[in-house]
Amino acid sequence: MMIVKKRYLILQLITALGLLPSLAYSNNVTSKTINTNTEKPAKKSKTPLTKKSPLGWVSGGDSTDSCRACDGYYQVTPFAIPGTPLAFNQSKTYISSKSTTLSPTGQTLTDNVYLYQKGRDLRAHQVHLTRDPKTGDITQINASGHVRYREPSFLITGNKANWQPQKLQGNMSDVQYRLKLKKTNTKKESTRLPDPSTGYAHGDASSILQQGPALLVLHDATYSTCAPVPGQTWQLKAKTIKLNQATGRGEAYDAILDVKGVPVFYSPYFNFPINNNRQSGFLYPTASFSTDGGLSLTTPYYLNLAPNYDDTITPTIYTKRGLLLQNEFRYLLFGNTQGQLNVSYIHDDHSYGDKRYSVFFGQQTQLSPNFKAYMQYNLASDKDVFDDFTLAKNPFANTANTIQLPRSAGFSYNKDYLNFNGNITGYQFPDSTLSLGNRYYSKLPEFNFSDAVDFDQLQLGINSQYINFYKAAVDNVTPPTGQRSYLAPYLTWSGQTDFGYFKPTLSYSQTYYNLNNNNRGDNNLSRGMPIFDIDSGLYFDRNLNIEGKNYKQTLEPRLYYLYVPYRDQSQIPIFDSGIKPFDYNSLFTNNRYYSIDRIGDANQISLALESALINENGEQILKGGIGQIFYFHNRKVNLSPAETGLDHRLSDLTSFLSWNVLPSITLSTNINWSTYDHRLTRDNYNVQYKPDLDHIFNIGYTHDNENYGVLSQDDLINGVAPPNTKGLYSSMYWGLNASWRLFGGGNYLWFKDQTSSKKRLASAFAGIEYSSCCSAVRFFVSHSLKDDDPNDVSTIDGRGQNTIMLQFLLKGLSRFGSGGISSLLQQINGYQGDSGFERT
């Protein structure tokens, strides 16, 4: 005891003489001596602490998105010793003051007191340290006069403070505080538009209690994520506020929500997030209006049930329809399985006159790096349930078709050349008026296998498939069903040099059909044919200097020969085949039809020329190609009697172009020109202007003189002539400044067949978004068509539906659910934004 007293008296004398203005102590239990560690702490910050900015807020500042949106930023000075703070008595404590008075039980420091450890510091006018008389450890800290205590996650200022560091308990009066909301992201995310925010919450309180390392309890307190300036957008006022950094949640008791100085909401209890961790609670509501549903209000509730699964319950009340309940359950299992279940139900749709529902379940399991299994299940009460209600999207759904809903389970294994996959796939047809010919065949089951072996430049391989096709009878009409087996061994030789390549391939395609109810011919059919092709090309390049800039230009002539002998296939039913649209890639394919119910006969040569311009950074500035097929005989195989051009000696002249006009402007186009009719037969043009993530504009035009893609299977079999279709589409997302953004898009369609000509605005949406550092608002209107005839996929005569939607967000109190406006924005090519609406 006397030794400790003598040491403190000696230190007091030295300090009084001005010989030792800064003292350093060790709080380690095993040491009671002055710390002589040679580690030099960082220099103290010279940033003055003023009453105008006690929390470090600086108005104006740099030009970052968050700074411009918030009109300022928090200036966070570095700690004297950076790092994560440890328990108080496990860290070395450094002390500085202008005056020190020692006593047998401690010491009193006065005037510009600065006490700091690794990742922790305390400033005040006066600090009294109480020490354990046996160990010399600090057991009590009493501070007064402009007290400022700081750790990496929070800053607290006040008049008086008492702290028991060993128990991590303390209190402070007349408090202002700053709480860090988000963890610092060390990864550079240049591919996503940032969410403007201060990154902190702040407020004041009559007193604050620290109860443990992560819990702060505030009395007569306020809380806001807005900039700490007069006239802030919102703040929460409460009798008591608890901020728990361990759970990531805040709790307010006897709380009033104040927006622009006006109390708008009272609750005896309110729970809100204080970080980005998933937590249970209400998500923000969405209000909307549609011509079919009337006014609606959606109020989601999110349940964070466990780290690996969660649930969102979303009730929506429609004035014209009633109450819709939606539930979304997501899960992760064993680290390799993820799944989702979506259920929607309305007991009595007042406009429809009956109950309505939809169910989706999807799951994927990665059993090994090469082996994956999956399943999905769909169920709907009717085909319009997806259009009449804004239903949550499921990432595991592999189709947007709401007329034929798939149900499947399967697997895939891939390793090197080996590919093996299988599935069982069936469909629900919510609309009973869908004709037999337009219904997809179920595959019960389907297996695909392929593999290859290399022998130097020679490759021996095989492709094979087995499918059992099934389709139920409709109106007492039974369709063809049965099994299709396919086997195609092949042999390829690859000759590759620096200046070109030569690659001949010989394969033999053998297909067997074991059928039922084949109205085209026999039930047992087989078809075998050799397929021979040669793909060859040359490489040329040269260096160019254009306006003082160095480029490399490539020139690649290409020749592709294909021979497929004719086989009569008229007795084979059409299970899953279709007519491929003709484009540049068609020059180098060995079948002009999808799948293998039809394999087109061919004796032809494709000639093509490609060229590219590459800058000195290796970036492709321009690439284009042009080519044509020369036929040596007429083609006899057809899928539809309406197919044209099978007797032509020349195909359309087809081309493509991709051009980065400027770093912010890209142009792409595909053009087909008929050398017989001297007209464009198929062309599309796309232009994107994207100087940055906050400014996107897309416009495009597409035209197809014979659009087989819009014909149903019945139309193809019955020889219906393909229509002439055109489409003009545009979309944009445009930042007016740091806070305001416009967005929109639309499609205008032309449709002309042998009997009619139509044109109509098929879909459109437009909206405006305001996103500040602590609030966000989105308002939009949309127009869409509801197709009433599932058998006429080309129609644009459906009923129009208009929707108005409003979303409002106070950042830091909750988040929005998925779907709605966010789903529309994802349709804008190039959009990667996040104004705080999107749920993770």
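The entries below go from confidence to the disulfide, the strands, the cores, the rings and some backbone angles.

**Ground rules**

I am reading a predicted model, in which local features need pLDDT of at least 70, side-chain atom pairs count only at pLDDT 80 or more, and totals for chains, interfaces and linings use all residues. I number residues from 1 along each chain as its sequence is written, and side-chain values use heavy atoms, with hydrogens and water left out.

**Confidence**

I started with pLDDT, the predictor's confidence in each residue, from 0 to 100. The protein chain averages 86, and 87% of the residues score at least 70. I then went through the elements, where helices (H or I, at least four residues) and strands (E, at least two) are DSSP runs numbered from the N terminus. By contact I mean heavy atoms within 4.5 Å. I also noted residues 184-190, where pLDDT stays under 50 and the model has one contact beyond four places in sequence. A reminder to myself: where pLDDT is low, the predicted coordinates should not be read in detail.

**The disulfide**

How many disulfides does the structure hold? I found one, taking a disulfide as a pair of cysteine sulfur atoms within 2.5 Å. It joins Cys-226 to Cys-774, with S to S at 2.0 Å. The torsion about the S-S bond of Cys-226 and Cys-774 is about 85 degrees, so I logged the disulfide as right-handed. Cys-226 sits in the loop between strand S12 (215-223) and strand S13 (234-244), and Cys-774 in the loop between strand S43 (757-771) and strand S44 (775-786), so the pair ties together parts that are 548 residues apart in sequence. Are these two cysteines buried or exposed? Both Cys-226 and Cys-774 are buried, where buried means under 20% relative accessible area, exposed over 50% and partly exposed in between (1.4 Å probe, protein chains only). I checked Cys-773 too: at a relative accessible area of 6%, Cys-773 is buried.

**Strands S21, S22 and S23**

I count two strands as paired if DSSP finds at least two bridges between them. Strand S21 (residues 322-333) runs antiparallel to strand S22 (residues 337-349), joined by ten bridges. S22 in turn pairs with strand S23 (residues 354-366) in the antiparallel sense over eleven bridges. I followed one row across: Asn-327 stands opposite Val-343 in S22, and Val-343 stands opposite Val-359 in S23. The hairpin of S21 and S22 has three residues between the strands, and there Phe-334 takes a positive phi near 60 degrees. The hairpin of S22 and S23 has four residues between them, and Gly-353 in the turn has a positive phi of about 85 degrees.

**Nonpolar cores**

I define a nonpolar core as a set of buried Ala, Val, Leu, Ile, Met, Phe, Trp, Tyr and Cys residues joined through side-chain atoms within 4.5 Å. The largest has 55 residues, of which Val-127, Leu-218, Tyr-223, Trp-234, Ile-241, Leu-243 and Phe-272 touch the most other members. I listed the neighbours of Leu-243 beyond four places in sequence, among them Tyr-177, Leu-216, Arg-249 and Ile-274. A second, separate core of 14 residues includes Leu-562, Ile-599, Ala-608 and Tyr-631.

**Aromatic rings**

Rings of Phe, Tyr and Trp (its six-membered ring) pair if their centres lie within 6.5 Å; planes under 30 degrees apart count as stacked, over 60 as edge-to-face and the rest as tilted. I got 37 aromatic pairs. The rings of Phe-371 and Phe-411 have centres 6.1 Å apart and planes at 70 degrees, so this pair is edge-to-face. Phe-371 lies in strand S24 (residues 371-380) and Phe-411 in strand S25 (residues 405-415), so the pair ties together parts that are 40 residues apart in sequence. Phe-371 is partly exposed, at 28% relative accessibility. Phe-371 and Phe-411 form one aromatic cluster with Tyr-413, Phe-420, Phe-447 and Phe-449.

**Backbone angles**

Most residues other than glycine have a negative phi, and most peptide bonds are trans. I noted a cis peptide bond between Leu-444 and Pro-445, with omega about 0 degrees; Pro-445 is in strand S27 (residues 442-455). Asp-220, in strand S12, has a positive phi of about 45 degrees and is partly exposed at 42% relative accessible area. Asp-254, in strand S14 (residues 249-259), has a positive phi near 55 degrees and is partly exposed at 40%.
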